[in-house]
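Take a look at it first, then read on.

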Amino acid sequence: YQRRVHGGLVELPRRLFRHSNIQTLLLYYEFKASSLYWDADKAPDWSDLRAEVHNFDRATEEGHQYRGYVQEIVHFVEQFQSDMPVTYWAPKELRGQQAATVEVTYNALVELNRKVKLTIQNVQQTEFVWRRHRREYYFLQAVVKAASSNLPTWRIAFSLRSERRGFFASAIDTMEYLYWVRLRKWVLRLAGVCCSLLSLAVLWSELIIPIKPSLSVVSYASAACASNPVMLYFVVLLTVGYIAYCAFWSLFQLKLADFYALVPHHSNPMYSAL
């Protein structure tokens, strides 16, 4: 926990400063796209799984005791195949296995069913992460284009999003434009400066704990607000809240086998801590 706190105290302000630059953020998304590509390529191959399922289908003729179970798996796979998003196929080679003779047993069907469910879960998870990443990247490109335009339209033209409708649509578009094009850089830099000062205060206060009399910034702030309970609560809440946020923020940045992954369509890994 202590290492996570210190990591967050340093990394959070640095992340804010880095992300205040749209061009730097675009480079980060391009690097992350290559990482997603290789993650998808190392995932279980869908075409190989379909070939294995069809081998089981050919091995169970009419009247076979496991024919009904195999047909259920085949129908499930083909139904998902018809709904499979095109983007998932991009990083994968359509290899596929050749027809082979398989022994259809109860244990083999249990293992096949497990592989089918696991592969479909991986496909859905990969597709969601890829679509979200692509959408965010193209939105940042639209922001850069709007910022470089000589004729500002006070609206970010984003092709992957339907046009807003309603009474407040124009106002929302204008506020979005003002934040992303005019204000975001300065807001994140100001937040980075504030977080840097808080991090320095916390680290300095921890460093000089053994020194007497105390030279802790937090201690001086608490003593100055001792006569005002509201301000004292604010100082304590700000300090403890910032430390807790840095600790849990850095913890959720770790990629520990998707322990902290949240994916829709019931595609979270079974071992996810969330």
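**Notes on a helix and its salt bridges**

1. Glu-78 counts as partly exposed, at 28% relative accessibility (buried means under 20% relative accessible area, exposed over 50%, partly exposed in between, with a 1.4 Å probe and protein chains only). Its side chain meets that of Arg-50 in a salt bridge, 3.3 Å from N to O (a side-chain nitrogen of Lys or Arg within 4 Å of a carboxyl oxygen of Asp or Glu). This pair links distant parts of the chain, with Glu-78 in helix H4 and Arg-50 in helix H3, 28 residues apart.

2. A word on the source: this is a predicted model, where local features need pLDDT of at least 70, side-chain atom pairs count only at pLDDT 80 or more, and totals for chains, interfaces and linings use all residues. Residues are numbered from 1 along each chain as its sequence is written, and side-chain values use heavy atoms, leaving out hydrogens and water.

3. Which residues of H4 are buried? They are Arg-67, Val-70, Ile-73, Val-74, Val-77 and Phe-80. Seen down the axis of H4, these fall within an arc of 165 degrees (taken from the directions from the helix axis to the C-beta atoms), so they line one face of the helix. The face turned away from the buried side carries the exposed Glu-72, His-75, Ser-82 and Asp-83.

4. Lys-115 and Glu-52 also pair in a salt bridge, at 2.7 Å from N to O. Here Lys-115 sits in helix H5 and Glu-52 in helix H3, 63 residues apart. Glu-52 is buried, at 17%.

Definitions and conventions:
Helix = DSSP H or I, 4+ residues; strand = E, 2+ residues; numbered from the N terminus.
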